[in-house]
Amino acid sequence: MAALFAAFGLQLPLLIAQLVNFAILMIALTYLLYKPVMKTIEARKQKVAQGVLDAEEATKKLSTADAEATVTVQQAEKEAEGIVASAREEAGSEKMRIVKEADARAASIAADADARAKETAAKSLRESEKEIARLAILAAEKAMRT
Amino acid sequence: MSSGIHVSLKAETLGHILGFPITNSLLMTWLVMVLLIAFAYFFGRSLKMIPGKLQAAIEWGFEGAYAYIAEVFESDALAKRFFPLIATIFLFILVGNELEFFPGVGSIGFFHGTDFAPLLRAPAADLNFTLALTFIAFFTIEVTGIAVLGGLKYAGRFVNLKSPVGFAVGIIEIVSNLGRLVSFSFRLFGNIFAGEVMILVAGYFLPYLLPVPLIGFEMFIGAIQALVFAMLTMFFIKLSITDPHEAH
């Protein structure tokens with residue numbers, strides 16, 4: 001056995017040295033290479049998963065936002081229609097009021113003018129009656145003097 | 001080529017530091033460690049959320065390996081625990097094997113008289129290295145079996161007195177478990193050492209061209225052997241934690 005070991009150059013110090021070498025290498029690689037690489041892979045996996053989740057959420061949000069926007073636009077349209085209708089109605093009633101007012105004013109002006117004309121006529125009649133009376137008196141005086 | 005082909009089964013000792021033998025394999029092992037740790041240090045610090053090409057490739061490899069280990073163990077917790085061990089076995093052997101073919105490795109060295117001792121030698125072409133890895137794999141496998149199944153249950157796999165057949169199976173189990181010590185270490189050592197010898201011989205006959213396809217093939221073998229060592233470790237861990245009565 002000893003001859004066999006000697007033939008292959010087996011020596012206990014060398015064997016122990018190689019065992020120690022392997023242990024050192026394994027510990028060093030574990031902390032310098034395996035763990036950081038695995039951590040990076042894991043971190044990226046989580047990030048990707050988070051990204052997919054975010055994208056899903058964004059899609060969901062987008063669809064709800066679309067629905068909300070549609071509802072809002074519909075509401076706005078309805079409201080606008082209402083506003084236009086009420087404005088139109090108001091405008092109609094305002095017109096009627098103005099026309100009525102104008103009618104009333106025209107009527108009152110006409111009545112006024114009529115009254116004034118009648119009064120003028122009556123006044124002129126009275127005045128002419130007075131004139132006639134005065135002329136008659138003058139004529140009577142002249143007749144008496146002569 | 002006055003010295004002809006010089007093949008040394010054992011790693012050449014370059015010198016001693018405080019009585020501790022420094023072989024060319026050990027030197028190469030340290031070089032591999034320095035390269036791997038330096039790469040890990042700089043790469044680990046430059047990790048980004050948006051990966052570059054290198055990071056994407058390495059992450060792809062890690063993720064694939066981890067998924068495979070988790071699939072074999074059928075457990076994420078076990079995969080997390082054993083991933084560093086299996087990955088380190090693979091990377092250590094792989095880098096050591098592939099570095100062997102870089103120019104200068106095996107060709108730069110010292111002459112001791114007529115004997116040539118290269119400065120660097122593939123770690124796996126030294127039984128000390130492969131046996132050390134084998135011990136680590138072996139003890140991991142056995143200790144995991146005891147830890148997961150419990151000492152009595154795990155021992156019951158090897159010592160079974162309920163029936164003669166069961167007893168024989170237990171003996172076979174002991175032999176096959178101990179046999180791993182030899183098969184693990186000599187498979188890796190044999191493959192890598194034989195590859196070196198083959199390239200050496202081919203280079204002796206025809207220094208140009210002939211070694212090129214062989215080097216390519218041996219690089220492939222080097223990667224395969226790294227994979228085999230890592231995967232066998234993984235499968236034997238899985239076997240050791242599988243309850244024999246539930247498995248069938």
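This is a predicted model: local features need pLDDT of at least 70, side-chain atom pairs count only at pLDDT 80 or more; totals for chains, interfaces and linings use all residues.
**View 1. The interface of chain A and chain B.** In this view, 32 residues of chain A are in contact with 44 residues of chain B. The size of an interface is often given as the accessible area lost when the parts come together. Here the two chains bury about 3600 Å² between them, and 79% of that area is on carbon and sulfur atoms. Three residues, F8(A), Q18(A) and F22(A), supply 20% of the area that chain A buries against chain B, more than any other three residues.

**View 2. The side of chain A that touches chain B.** Eight residue pairs, with both residues at pLDDT 80 or more, are in polar contact between chain A and chain B. On the side of chain A that touches chain B, α1 (2-7) and α2 of chain A each supply at least two residues. Helix α2(A) gives the most to this side, with 26 residues. By residue type, this side of chain A divides into 23 nonpolar, six polar and three charged residues.

**View 3. The salt bridge between R44(A) and E59(B).** Side chains of opposite charge can pair when their charged atoms come close. Across the interface of chain A and chain B, one salt bridge is found. In this bridge E59(B) pairs with R44(A), and the closest N and O atoms are 2.7 Å apart. Over all chains, the structure holds nine salt bridges. The pair shown here crosses between chains, from helix α2 of chain B, where E59(B) lies, to helix α2 of chain A, where R44(A) lies. E59(B) counts as buried because its relative accessibility is 4%, under the limit of 20%.

**View 4. The surroundings of T40(A).** T40(A) lies in helix α2 (residues 12-145) of chain A. With a relative accessibility of 12%, T40(A) counts as buried. Leaving aside residues up to four places away in sequence, T40(A) touches L47(B), K48(B), M49(B), Q55(B) and E59(B). One of these contacts, E59(B), also forms the salt bridge with R44(A).

**View 5. The salt-bridge network of E94(A), R97(A) and E101(A).** These three residues are linked in a network of salt bridges. E101(A) counts as partly exposed, at 43% relative accessibility. R97(A) likewise counts as partly exposed, at 42% relative accessibility.

**View 6. The salt bridge between E131(A) and R134(A).** The closest N and O atoms of E131(A) and R134(A) are 3.1 Å apart in this salt bridge. Both residues belong to helix α2 of chain A and are three residues apart, so about one helical turn separates them. E131(A) counts as partly exposed, with a relative accessibility of 37%. For R134(A), the relative accessibility is 46%, and this residue also counts as partly exposed.

**View 7. The largest nonpolar core.** This core has 62 residues, and L33(A) and F73(B) are those with the most contacts inside it. Chain A contributes through α2, whereas chain B contributes through α1 (24-45), α2, α3, α4 (127-149), α6 and α7, each of these elements giving two or more residues. Helix α3(B) gives the most to the core, with 13 residues. Apart from residues up to four places away in sequence, L33(A) touches A28(A), A40(B), F43(B), F62(B) and L91(B).

**View 8. Two loop residues of chain B with positive phi.** E74(B) is a residue other than glycine with a positive phi, near 55 degrees. It is placed in the loop between α2 (53-73) and α3 (76-99) of chain B. E74(B) is exposed, its relative accessible area being 65%. L209(B), also not a glycine, has a positive phi of about 65 degrees. The place of L209(B) is in the loop between α6 (164-205) and α7 (211-241) of chain B. L209(B) counts as exposed because its relative accessibility is 72%, over the limit of 50%.

Definitions and conventions
Residues are numbered from 1 along each chain as its sequence is written. Chains are lettered from A and ligands numbered from 1 in the order in which they are written. Side-chain values use heavy atoms; hydrogens and water are left out. Helices (H or I, at least four residues) and strands (E, at least two) are DSSP runs, numbered from the N terminus. Buried means under 20% relative accessible area, exposed over 50%, partly exposed in between (1.4 Å probe, protein chains only). Contact means heavy atoms within 4.5 Å. Buried area is the accessible area (1.4 Å probe) that two parts lose on being put together, summed over both. A salt bridge is a side-chain nitrogen of Lys or Arg within 4 Å of a carboxyl oxygen of Asp or Glu. A polar contact is a pair of N or O atoms within 3.5 Å; within protein, one must be able to donate a hydrogen and the other to accept it, and residues adjacent in sequence count only if both atoms are side-chain atoms. Ala, Val, Leu, Ile, Met, Phe, Trp, Tyr, Cys and Pro count as nonpolar, Asp, Glu, Lys and Arg as charged, and the others, Gly among them, as polar. A nonpolar core is a set of buried Ala, Val, Leu, Ile, Met, Phe, Trp, Tyr and Cys residues joined through side-chain atoms within 4.5 Å.
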